[in-house]
Amino acid sequence: MTRAASSNERFVSRKAARFTESVIREMTREAIKHGAVNLSQGFPDFPAPEEIKRAAAEAIARDVNQYAITWGARSFREALAEKTRWSLGLDIDPETEITVTCGSTEGMIAAMMATVNPGEEVVIFEPFYENYAPDAILSDATPRYVPLRAPGWTFDPDELRAVFNEKTKAVIICNPNNPTGKVFTREELEFIAGLCREFDALCFTDEIYEHILYPREDETVEHVSMAQLEGMRERTVVVNSMSKTYSVTGWRVGYCIAPPHITSAVRKVHDFLTVGAAAPLQEAGAVALRLPRDYYAKLQTDYLARRDFLLPALEEAGFRVFRPDGAYYVMTDISAFGFATDVDFTRFLIREVGVACVPGSSFYSRPELGARQVRFCFCKRDETLRTAAERLSTLRARI
Ligand SMILES: Cc1ncc(COP(=O)(O)O)c(C=O)c1O
């Protein structure tokens with residue numbers, strides 16, 4: 001081995017060498033490079049609500065410019081406790097049960113580092129939000145994957161039960177789900193909760209899309225938080241954020257809700273990872289959390305219209321689409337286009353068609369599982385979606 005090669009290896013930790021850069025974030029850079037309409041990374045291209053932007057500017061003008069309390073500004077935690085009371089029916093103590101983090105991204109990794117020991121196992125449903133696999137590596141957890149199968153993205157209860165054992169420390173749920181748009185039913189959550197209780201396991205529940213749900217004609221789609229289920233409050237960490245609900249993904253204000261003994265551990269990890277989330281943006285966050293309730297109804301109506309515009313356009317272009325019940329993504333099957341892999345297809349779509357998506361393989365533990373799928377997001381302005389639809393319509397000729 002040459003000296004340069006050996007130092008290259010020597011200076012990168014075994015942990016860092018085990019995962020790649022985020023494919024989702026890479027697709028945004030590719031989209032910019034090739035002038036493609038970016039339906040890859042999930043961030044809105046429309047403005048955030050005026051009142052919360054004003055509140056952020058005012059907080060800076062009032063000189064809220066120094067560190068907030070490490071586990072979160074009191075005003076934000078109090079507003080969060082108020083909102084959690086009306087939206088989930090849960091009483092949480094802002095003094096002992098909330099940690100404000102730099103986005104839910106930090107919330108998840110801080111929660112895992114605070115609770116998981118090396119060699120303990122964490123159950124992850126796949127396809128999964130890309131971050132959870134590196135989160136497991138960084139927190140020394142061993143991931144155990146359980147498939148969610150299209151078209152309904154349901155899991156086999158026996159398969160799930162079979163991965164639980166005495167080494168299971170936790171299960172990660174993303175509900176509503178990225179990338180599939182699945183909204184777990186109460187029955188499914190009860191089943192998972194039963195396993196958590198039986199095996200004395202925790203649940204990390206990523207509920208960042210809690211307010212983005214689409215009604216079905218035949219049944220209601222409801223958001224049930226794992227923390228609401230009997231016996232789960234004491235073993236659940238709710239991970240959430242302002243990013244999606246208030247269209248401010250760049251603010252990096254998220255939070256964990258957990259019982260006091262878990263919160264103490266999360267707060268310690270969080271403090272040494274980041275000290276705290278942006279102080280003025282937490283002040284603005286308190287305003288956001290107190291927006292009138294019709295804000296959430298409008299958020300849903302707007303997203304429903306975007307979903308119902310993009311899905312037929314994708315079908316028309318030749319994709320098989322798996323209709324989402326929540327979140328703002330749609331998983332699609334690309335078999336009709338005859339590409340060898342999802343990565344080849346994505347590269348073609350960005351460079352030749354001018355639309356960016358995310359290759360399905362980035363949501364699976366083994367690339368071949370996602371080789372026939374790509375994900376589109378639809379958190380975009382009407383004109384962005386219209387341009388994407390026009391460009392996608394040229395695909396039809398290739399089938
Ligand atoms: C399921 C899920 N969790 C977490 C995140 C990251 O959220 P935040 O901006 O709060 O870090 C995303 C962003 O796309 C997501 O889809």
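Begin by selecting Asp200, which lies in the loop between α9 and β6 (202-206). This residue counts as exposed, because its relative accessibility is 59% and exposed means over 50%. The model is a predicted one, and in it Asp200 has a positive phi of about 50° although it is not a glycine.

Next, select Asp63, another residue other than glycine with a positive phi, here near 70°. Its place is in the loop between α4 and α5. Is Asp63 buried or exposed? At 55% relative accessibility, Asp63 counts as exposed.

**Two cis peptide bonds**

Move to Glu126 and Pro127 and display the backbone. The peptide bond from Glu126 to Pro127 is cis, and its omega is near 10°. Pro127 belongs to the loop between β3 (121-126) and α7 (132-138).

Then select Asn178 together with Pro179. These two residues are joined by a cis peptide bond with omega about 15°. The loop that holds Pro179 runs between β5 (168-174) and α9 (186-198).

**The ligand and its surroundings**

How many residues surround the ligand? There are 15, and the closest are Thr105, Asp206, Tyr209, Ser243 and Arg252. By class, this shell consists of six nonpolar, six polar and three charged residues. Helix α6 (residues 103-115) supplies the largest share of the shell, with three residues.

From Asp206, a polar side-chain atom lies 2.6 Å from a nitrogen atom of the ligand. From Tyr209, a polar side-chain atom lies 2.6 Å from an oxygen atom of the ligand. Lys244 likewise has a polar side-chain atom 2.7 Å from an oxygen atom of the ligand. On its own, the ligand has 400 Å² of accessible area, of which the protein covers 93%.

**A covered helix**

Now select residues 279-289, which make up helix α11. Nine of the eleven residues in this helix are buried, so the helix is mostly covered. Among the buried residues are Ala279, Pro280, Leu281 and Gln282, as well as Ala288 and Leu289. Which elements cover them? The cover includes α4 (50-61), α5 (74-88), β2 (98-101) and α12 (294-317).

**Aromatic pairs**

Colour the aromatic residues. In the whole structure, a search finds 25 aromatic pairs. One of them is formed by Tyr246 and Tyr296, an edge-to-face pair with 6.2 Å from centre to centre and 75° between the planes. This pair links distant parts of the chain, 50 residues apart: Tyr246 is in the loop between β7 (236-241) and β8 (254-257), whereas Tyr296 is in helix α12. Both Tyr246 and Tyr296 are buried.

A second pair to select is Phe339 with Phe348. Their ring centres are 5.0 Å apart and their planes stand at 40°, so this pair is tilted. Phe339 counts as buried at 16% relative accessibility, and Phe348 is buried with a relative accessible area of 15%.

Select Thr263, found in helix α10 (residues 260-274). Its relative accessible area is 1%, so Thr263 is buried. Leaving aside neighbours within four places in sequence, Thr263 is in contact with Thr96, Glu97, Ile98, Thr99 and Ala258.

Arg267 also lies in helix α10. Why does Arg267 count as buried? The reason is its relative accessibility of 10%, because buried means under 20%. Not counting residues up to four places away in sequence, Arg267 touches Trp71, Pro94, Glu95, Thr96, Glu97, Ile98 and Thr99. For a sense of scale, draw the C-alpha to C-alpha line from Arg267 to Pro215: they are 37 Å apart in space and 52 residues apart in sequence.

**Last stop**

Finish at Ser40, in the loop between β1 (37-38) and α4. Ser40 counts as buried, at 0% relative accessibility. Apart from neighbours within four places in sequence, its contacts include Ile24, Met27, Thr28, Ala356, Cys357 and Val358. Arg375 and Cys377 are also in contact with Ser40.

Methods. Residues numbered from 1 in each chain as written. Predicted model: local features only at pLDDT ≥ 70, side-chain atom pairs only at ≥ 80, totals over all residues. Heavy atoms only, no water. Near = heavy atom within 4 Å. Polar contact = N/O pair within 3.5 Å; in protein donor to acceptor, adjacent residues only side chain to side chain. Areas by Shrake-Rupley, 256 points an atom, 1.4 Å probe, with all protein chains shown as cover. Helix = DSSP H or I, 4+ residues; strand = E, 2+ residues; numbered from the N terminus. Nonpolar A, V, L, I, M, F, W, Y, C, P; charged D, E, K, R; others polar. Buried < 20%, exposed > 50% of the residue type's maximum accessible area, 1.4 Å probe, protein only. Contact = heavy atoms within 4.5 Å. Phe/Tyr/Trp six-rings, centres within 6.5 Å; stacked < 30°, edge-to-face > 60°.
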